[in-house]
Number of protein chains: 2
Amino acid sequence: MSNNVKPKYQKIVFELQKSITSGEYKAGDRLPSEADLVESYSTSRLTVQRAMKELQHLGLIERRAGSGTFVRRMDQAKGHSFGLLIPGLGETEIFEPICQAMACAGRVGGHALLWGDTTQTTGNREQQTKELCEYYISQAVSGIFFAPVELMPNKDEINRWIINSLDKARIPVVLLDRCFSPYPQRSRYDLVGIDNRRAGFIVTDHLLRHGCERLVFLAVPYSAPTVDARIAGFREALETFSISAGKDWIHIGEPDDAVAVRETLDTIRPDGFVCANDMTAARLMRTLEQLGVAVPDQIRIAGFDDVKYAGLLGVPLTTVHQPCREIGEVAIWTMLDRMAHPALPARDILLSCSLVARRSCGSHTCHESSTS
Amino acid sequence: MSNNVKPKYQKIVFELQKSITSGEYKAGDRLPSEADLVESYSTSRLTVQRAMKELQHLGLIERRAGSGTFVRRMDQAKGHSFGLLIPGLGETEIFEPICQAMACAGRVGGHALLWGDTTQTTGNREQQTKELCEYYISQAVSGIFFAPVELMPNKDEINRWIINSLDKARIPVVLLDRCFSPYPQRSRYDLVGIDNRRAGFIVTDHLLRHGCERLVFLAVPYSAPTVDARIAGFREALETFSISAGKDWIHIGEPDDAVAVRETLDTIRPDGFVCANDMTAARLMRTLEQLGVAVPDQIRIAGFDDVKYAGLLGVPLTTVHQPCREIGEVAIWTMLDRMAHPALPARDILLSCSLVARRSCGSHTCHESSTS
DNA sequence: GAGTTCAAGTTGTTATGACAGCTTAGCCCA
DNA sequence: TGGGCTAAGCTGTCATAACAACTTGAACTC
């Protein structure tokens, strides 16, 4: 005489499970609230809650206090599709190889990468980025790799809009290269990038070892927090040489502004520049050439990123190499791991990077020149 | 801000977990009955039951109606075994909860954690650590979690010896909390820890917002690179307040040295100290008390780690909380992932941490009644 | 138009109380 | 002594009640 009276909460579990797997509720859909279920099953809230807890442990649903209960995105048979939301793709040079590596690593696992074009000349970039974001949401991608917008006065607003949209759609996000929150804060997302503080230290240390004593760090306005980290490393390296940075050794401005550059040269009398990235360094070099200042003889220069043309400039540029391939691989892994373990806390995942010494720092150990 | 109110049932889960993983209850043992727990925790049966359910889902216990609750014997067959190589285990306070979390997370996957004792009073620590390392190698563990030695003049040599040994044995390593290389360098191993630069920034920023204008960072000699990162954050925060740190604002010395502390007070005239960790802060507070300096009225103090006794000092200590549980979980997943993908580059995996404001910083907005 | 406040709705946590079903140990009786 | 029975103790299930914490969107203010 098997007791046919099944626990009431198991009945609820069973029926909801059926509704979910049969497709009545799809991924991301909101289930009826506890109050609704209490009524429709004429039971107590505790019982409903217990059923929900079971479903949660089964990994079928996801609950959010204040918001509701949602069907979790199922681990599809094999392949996921991920969206790339990278406003500067094609311009910054470093994201292209990163995406390449992601596509390659993704193919191994049977995943697809959607490339969105945000570099069309028509329309403004803000609009394009938002539209691409909405497109990805409509396509119900499994996750999105996002490189926050920078170098725009209203970057915070745009980034917040995007993140809010993705949050509402409950799409997991992995940040690439940088966070969108102002520094001491931390977003709730994983971030994959390089250790910018270490990079700043390495490149500054290199210049100091080659005889520099008065260095200026140059960055354009509205830069990302990555630049702050590079500045921190810059300061730290100076400190190890017992050099205390003057007030204006961190200069925020345009490298094309010949007047401002001239003034900086005259007031601070630096013997070297650390530029926030290679693009800034390249533009500064052109300005210095116009001003008749010789690189590296009078002023040494270094940058970050190791973009393709860094070694092809009039004076090959010393810089820090971004391990783009590795960043891409790790980013894919991070996304998959995040989908498998949603409860893990947000992680900053930093990779190491290496110095590429060229002539602009006056190095005697580099390959390109030997002016011993 | 600091979310000190933990659910009661989670506390029960945590304590029972600890009792199980520490071996107080062995496999097959019967745990106290619900009624017993209701009494000893002075709570309701529902709460106890909820805690039990959690432990059941974690796979730690097995319940039989009418009989009792029993510790499940774990399946040693399929899991890996990992070694914990943590020289200061039991002293630093922060590694204990980290290991606890690792043991729990590992148990879910059927993995075993070997705890090595390096705190015996006989023999020196160096010898013990090396012996433990050799023991793990002889046991052919699948991986080792290593917290490099610090605070010893020959720490570099010891760490190198250990790493070389593990390298020869081809045993994967995940570093906990800190790297063993001097700063700008980077080891070839994954590292799991907190974002010390951000932590340094947060705590310094907090003191500055409460009116401090002249701060000293105090650390003992031979500290790990984590302290350098905290100093970098310290400097950065000062910078955002347009305060340029004086030469001696970074003070390396013993907090017990009353003469040196007196001299620092007289020459720099600080209105606050940021100490490299809670232990340093606690010792400094005692010295200041001897010198008749009032905390926080004359000098504000803050530390790092949020060790257990931080809130129990004469003047409760403002500090930065280390998310030990999260570090442990992430460490286990990192190790498993590393074994699955040996080709991925080395990663620094940093977690975020939060400020715990108590009286030593002179904050009036805090609630120091956190410790029950 | 952007930020703030506020109210309604949702889940999270805990207390109290009750009964049902299962297991074990010990007692009683043959 | 062996077998069955029973009482005690355990977990499983469910109802009612209340407050806390969080989210969202709409109304509101600057």
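Modeller: Start with a pairing inside chain B. Strand E7 (residues 190-194) of chain B runs parallel to E13(B), and four bridges hold the pairing. Note that this is a predicted model. Within that pairing, Ile194(B) has Leu351(B) of E13(B) as its bridge partner. In general, strands of a sheet pair through backbone hydrogen bonds, in a parallel or an antiparallel sense.

Five bridges join E13(A) to strand E13 (residues 347-351) of chain B. Here the two strands run antiparallel. One facing pair is Leu351(A), which stands opposite Arg347(B) in E13(B). Leu351(B), for its part, is the residue that bridges to Ile194(B).

Is E13(B) enclosed or open to the outside? Five of its five residues are buried, so E13(B) is largely enclosed by the rest of the structure. The cut-off for buried is 20 or more other C-beta atoms within 10 Å of a residue's own. The side chains split into two sets. Arg347(B), Ile349(B) and Leu351(B) point one way from the strand. Asp348(B) and Leu350(B) point the other way. Both sets are buried, and each includes a charged residue: Arg347(B) in one, Asp348(B) in the other.

Now widen the view to the contact between the chains. Chain A gives 30 residues and chain B gives 30 residues. On the chain A side, the elements that give two or more residues are helix H7 (196-209), helix H8 (225-240), helix H11 (324-340) and strand E13 (347-351) of chain A. By class, that side of chain A has 13 nonpolar, four polar and 13 charged residues.

Chain B also holds an open sheet of four strands. Its order is E9-E8-E10-E11, with parallel pairing. The edges are strand E9 (250-252) and strand E11 (300-302) of chain B, each of which pairs on one side only. Neighbouring strands of this sheet are turned by 25° against each other on average, with direction ignored. Inside the sheet, strand E8 (residues 215-219) of chain B and strand E10 (residues 272-275) of chain B run parallel and share four bridges. There, Leu218(B) stands opposite Cys275(B) in E10(B).

Ala112(B) belongs to strand E4 (residues 112-115) of chain B. Ala112(B) is partly exposed, with 17 other C-beta atoms within 10 Å. From Ala112(B) to Cys179(B) is 67 residues in sequence and 24 Å in space, C-alpha to C-alpha.

Turn to chain A as a whole. Its secondary structure comes to 11 helices and 14 strands. The radius of gyration is 26 Å, well over the 21 Å that the globule rule gives for 372 residues, so chain A is more spread out than a compact globule. Its C-alpha atoms fill a box of roughly 95 × 40 × 35 Å along the principal axes. Buried residues make up 44% of chain A. Of the contacts in chain A with a separation of 6 or more, 74% join residues 24 or more positions apart.

Arg300(A) gives a local example. It lies in strand E11 (residues 300-302) of chain A. Arg300(A) is buried, with 25 other C-beta atoms within 10 Å. Leaving out residues up to four places away in sequence, Arg300(A) touches Leu207(A), His210(A), Cys212(A), Asp271(A), Gly272(A), Ser360(A), Cys361(A) and Gly362(A). Gly83(A) is 217 residues from Arg300(A) along the chain, and their C-alpha atoms are separated by 41 Å.

Last, the DNA. Around DNA strand C there are 22 residues, of which Ser33(A), Gly66(A), Lys8(B), Ser44(B) and Gly66(B) come nearest. In chain A, the elements that give two or more residues to this surface are helix H2 (34-40), helix H3 (45-57) and strand E2 (68-71). In chain B they are helix H1 (8-21) and helix H3 (45-57). H3(B) gives the most, with three residues. The surface near DNA strand C has seven nonpolar, 10 polar and five charged residues.

Key:
Residues are numbered from 1 along each chain as its sequence is written. Chains are lettered from A and ligands numbered from 1 in the order in which they are written. This is a predicted model: local features need pLDDT of at least 70, side-chain atom pairs count only at pLDDT 80 or more; totals for chains, interfaces and linings use all residues. A residue is near a molecule or strand if its C-beta atom, placed from the backbone, lies within 6 Å of it. The radius of gyration is taken over C-alpha atoms; the globule rule is 2.2 Å times the number of residues to the power 0.38. A residue is buried if 20 or more other C-beta atoms lie within 10 Å of its own, exposed if 12 or fewer, and partly exposed in between; C-beta atoms are placed from the backbone. Two residues are in contact if their C-beta atoms, placed from the backbone, lie within 7 Å. Two strands pair if DSSP finds at least two bridges between them. Axes are lines fitted to C-alpha atoms, for helices over the stretch in contact, and angles run from 0 to 180 degrees between N-to-C directions.
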